[in-house]
Amino acid sequence: MAKQIKLTESESEILQILWELGPASVREVHEALNKIKDTGYTTTLKLMQIMHEKNLLTRDDKARVHIYKPAISLKAGQQQAVTKIIKTMFKGSPAQLVMHALGNHRPSKEELDEIKKYLKELEKNS
């Protein structure tokens, strides 16, 4: 299994913005971040510089304005977040997480069909 990446809430928010926007400058990320919480520009800049040092972001510094991109995929980020939630909130039980999620949020028929298909795959492969 891949090395566990420990993301702060702010790092997760910045990654989410970059996964949605694509490559972006600090200014663009800061503007998007300010829509969800009040943050100073220098705070956003420092966070992104730290994330670059931690290899969470790549940076193209050929132009005057640095452009940042996520160094991890959305899927890898989601996997890390879910793994952390399962370990900390559900005592290591993915079944408890799934039952809790389905008990609190009504999936569409299409989502239920997808879940059933996935469960059949898991049964077949185990």
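Helices, taken as DSSP runs of H or I with at least four residues, are numbered from the N terminus. The model is a predicted one, in which local features need pLDDT of at least 70 and side-chain atom pairs count only at pLDDT 80 or more, whereas totals for chains, interfaces and linings use all residues. Residues are numbered from 1 along each chain as its sequence is written, and side-chain values use heavy atoms, with hydrogens and water left out.

The structure holds 4 salt bridges, each defined as a side-chain nitrogen of Lys or Arg within 4 Å of a carboxyl oxygen of Asp or Glu. Among them, Lys 124 pairs with Glu 121, their closest N and O atoms being 3.7 Å apart; these two residues are 3 residues apart in helix H6 and are therefore separated by about one helical turn. Lys 124 is exposed at 61% relative accessibility, while Glu 121 is partly exposed at 38% (buried means under 20% relative accessible area, exposed over 50%, and partly exposed in between, with a 1.4 Å probe and protein chains only).

A further salt bridge joins Asp 113 to Lys 109, with the closest N and O atoms 3.1 Å apart, and here the two residues are 4 residues apart in helix H6, again about one helical turn. Lys 109 is exposed, at 57%, and Asp 113 is partly exposed, at 36%.

In the salt bridge between Glu 13 and Lys 37, the closest N and O atoms are 2.8 Å apart. Because Glu 13 lies in helix H1 and Lys 37 in the loop between helix H2 (26-33) and H3, the pair ties together parts that are 24 residues apart in sequence.
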